[in-house]
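Me: I would like to learn how to read charged pairs and a ligand site from a set of coordinates. Could you take me through them one feature at a time?

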Amino acid sequence: MTDFAAQSDVAPRAAPSILDGFYADPNLIEFDGVYYIYPTTDGLDDWGASSFSVFSSTNLVDWDDRGIIFSVADDTTWAHGFAWAPTVSRRDGRFYLYYTADQDNIGVAVAQTPLGPFIDSGKPLVARGQFRGRAIDPSVFVDDDGSHYLLWGNTVAHGVRLNDDMVSFDPRNVSSWDLPEFREAAWMHRRDSTYYLSWSQNDTRDREYCVHYATSSSPSGPWAIRGELLKMHPERGILGTGHHSILRVPGTDGWLIAYHRFAIPDGDGHRREVTIDRLCHTSDGRLEAVVPSATPIHIDLFRPTINTHNNEE
Ligand code: FUB
């Protein structure tokens with residue numbers, strides 16, 4: 001029988017958290033050669049944080065805390081707290097922060113840089129009760145033609161093309177998807193002509209919180225359910241894996257998935273931590289189940305190997 005405790009001195013069960021402290025719902029994105037993570041601040045009862053911080057890195061391993069970029073309590077006129085699940089997208093040189101507020105609204109704020117300061121639009125972009133399910137967990141998908149789509153939802157997933165101003169959309173264009181076991185954290189990405197929709201299942205306090213996915217030939221669906229993408233590995237102490245984001249490493253066909261898990265050790269659904277792993281596509285357009293790395297994912301993994309061998313030998 002494998003003795004994992006005895007092995008732990010030589011082979012860590014899981015790569016360490018990449019951020020110091022409790023954070024969740026990581027939105028991993030790259031702007032101009034710098035990687036950013038916009039997470040929910042965790043470690044508070046009932047996910048009660050009221051502001052967002054951002055972290056930056058050039059190698060995916062060493063992350064700098066760049067400070068608070070937006071406070072739901074202080075920087076909006078219409079919301080008070082429960083600052084959850086931020087996501088940032090760039091269009092025409094401006095940066096748009098989409099966020100959950102007061103447990104059931106989505107707001108948007110704009111800045112000139114990824115570090116803010118973000119100025120709020122002044123009202124919810126998606127208001128409580130406007131669509132089925134709860135208005136939480138925004139994410140933005142940018143299609144190859146430059147169209148930006150907002151996704152969100154809890155129990156029901158929604159998606160809509162944002163207007164060019166990035167702070168409005170036509171509600172008549174909203175697609176709503178009743179995906180089996182869908183809980184929250186909808187994310188879309190595209191590789192070649194296949195669109196991938198992935199999401200979290202179960203409750204974030206459940207050790208079996210996990211990610212499933214579906215595929216389509218259109219960002220509007222319909223979606224072919226493909227199955228599990230990311231799950232717990234209790235034998236390695238990895239539990240509660242979900243609320244992810246997916247990023248293609250610029251200039252490569254390498255892909256990353258950032259997600260949270262229960263903090264190791266002794267974490268739970270309110271004390272979560274962030275990690276990054278590789279995401280692999282199969283030749284037939286599916287996704288391989290994510291295998292949590294035992295060591296941190298470094299950007300050098302995606303750089304072409306330079307052959308320094310001297311051919312004259
Ligand atoms: O972090 C607060 C909430 O927990 C998020 O909105 C959900 O996706 C879950 O991760």
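Predicted model: local features only at pLDDT ≥ 70, side-chain atom pairs only at ≥ 80, totals over all residues.

Me: Is Arg261 buried or exposed, and is Glu273 buried or exposed?

Reply: Buried means under 20% relative accessible area. Arg261, with a relative accessible area of 2%, is therefore buried, and Glu273 counts as buried because its relative accessibility is 7%.

Me: Which residue forms a salt bridge with Arg132?

Reply: The partner of Arg132 is Asp178, and their closest N and O atoms are 3.1 Å apart. This pair links distant parts of the chain, 46 residues apart, since Arg132 lies in the loop between strand E8 (119-120) and strand E9 (139-142), while Asp178 lies in the loop between strand E12 (175-177) and strand E13 (184-191). Arg132 counts as partly exposed at 47% relative accessibility, whereas Asp178, at 53%, is exposed.

Me: Where do Arg90 and Asp32 lie in the chain?

Reply: The side chains of Arg90 and Asp32 meet in a salt bridge at 3.1 Å, N to O. Arg90 is in strand E5 (residues 84-91) and Asp32 in the loop between strand E1 (23-31) and strand E2 (34-41), which places the two 58 residues apart.

Me: Which residues surround the ligand?

Reply: Those around the ligand include Asp25, Trp47, Trp84, Glu184, His243 and Arg272. For polar contacts, one reads the distance between N or O atoms: a polar side-chain atom of His243 lies 2.7 Å from an oxygen atom of the ligand, an N or O atom in the side chain of Arg272 is 2.8 Å from a ligand oxygen, and for the side chain of Glu184 the corresponding distance is 3.4 Å.

Me: How much of the ligand's accessible area does the protein cover?

Reply: On its own the ligand has 270 Å² of accessible area, of which the protein covers 97%, and the space that the ligand takes is the second largest pocket.

Notes: Residues numbered from 1 in each chain as written. Heavy atoms only, no water. Salt bridge = Lys/Arg side-chain N within 4 Å of Asp/Glu carboxyl O. Helix = DSSP H or I, 4+ residues; strand = E, 2+ residues; numbered from the N terminus. Buried < 20%, exposed > 50% of the residue type's maximum accessible area, 1.4 Å probe, protein only. Near = heavy atom within 4 Å. Polar contact = N/O pair within 3.5 Å; in protein donor to acceptor, adjacent residues only side chain to side chain. Areas by Shrake-Rupley, 256 points an atom, 1.4 Å probe, with all protein chains shown as cover. 1 Å grid on protein atoms, 1.4 Å probe; cavity = no way out; pocket = protein on both sides within 12 Å on 5 of 7 lines; lining within 4 Å. Sits in = over half its atoms within 2 Å of the grid points.
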